[in-house]
Amino acid sequence: IDLVRCWLVHTIAKYDDIKSWNFLDQAPLNHSGSGSELLGKAAIAEPLYFIEQFLPVFVETVLKTAVINRDLVLNRAWPYLRNSSDPHDVNDSIFFQIRQALESFAKVDVKMFRRFAEPLKRYHHESFGYLLLMSYAANPMEFADECVQYMCDHRPRLNIGYGVWSGGGHGESAVSREAIKAVTPLCSEEMIRRLEDSVIDYCDAYEQE
């Protein structure tokens, strides 16, 4: 974990030219299936240490490389959400394991989850919305109303989906759809009505064009 964190910090500093998308892909050492697998095993063995080391670097980088795309805020380091659960690049493994760790805490240690999740809620970046919606959906008994509140507070969160999709169906808005599917059976009636109003009233920037 320490080694890969040092590599990530160094690689971001070396390859970010302030304009390129997916710039971590330029690092030869990033393309390592075995490296991704080893990091995954380390993250599973030490989830708290993993997220303490990587989440601050991830958040700082997402904020620093932010790009507004219509009504979504993307970032140049991790520009595409992927539905693959078997990442072959180290940077994708880092993102995936951050998600896995947050989901795990959401299910087994809500207090710990909130420690890491609360700072993310004030931002409108798609990457943070993805992490939070996936975590809320992992424990709908605890987070049903909070998840709906989070989406309604910033309506583009109703439209978070995958930029890289494999398998049947399609990835557009898939993250938001799955979160809604998971939490609505357990929501209060008030939040259900608020969600319905938000969905009906929401017209994204693409539709407006």
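**Exercise 1. Work out how strands β1 and β2 are joined, and which way they run.**

Start with the ranges: β1 covers residues 66-69 and β2 covers residues 72-75. Strands here are DSSP E runs of at least two residues, numbered from the N terminus, while helices are H or I runs of at least four. Next, the pairing, which needs at least two DSSP bridges: β1 and β2 have 4 bridges and run antiparallel. One of the pairs is Asn69 with Leu72 in β2. Finally, the turn: 2 residues sit between the strands of this hairpin, and Arg70 there has a positive phi of about 55 degrees.

A quick note on the model: it's predicted, so local features need pLDDT of at least 70 and side-chain atom pairs pLDDT 80 or more, whereas totals for chains, interfaces and linings use all residues. Residues are numbered from 1 along each chain as its sequence is written, and side-chain values use heavy atoms, without hydrogens or water.

**Exercise 2. Find which residues of α3 meet α5, and sort them by class.**

Go through α3 (residues 47-64): Leu48, Ile51, Glu52 and Leu55 meet Met112, Arg115 and Phe116 of α5, with contact meaning heavy atoms within 4.5 Å. Sorted by class, that's 5 nonpolar, no polar and 2 charged residues (nonpolar: Ala, Val, Leu, Ile, Met, Phe, Trp, Tyr, Cys, Pro; charged: Asp, Glu, Lys, Arg; polar: the others, Gly among them).

**Exercise 3. Is Thr11 buried or exposed, and what does Thr11 touch?**

Locate Thr11 first: helix α1, residues 2-15. Its relative accessibility is 2%, so Thr11 counts as buried (under 20%; exposed is over 50%, partly exposed in between, with a 1.4 Å probe and protein chains only). Leaving out residues up to four places away in sequence, Thr11 touches Asp16, Leu24 and Ala27.

Key:
Axes fitted to C-alpha atoms, helices over the stretch in contact; angles between N-to-C directions.
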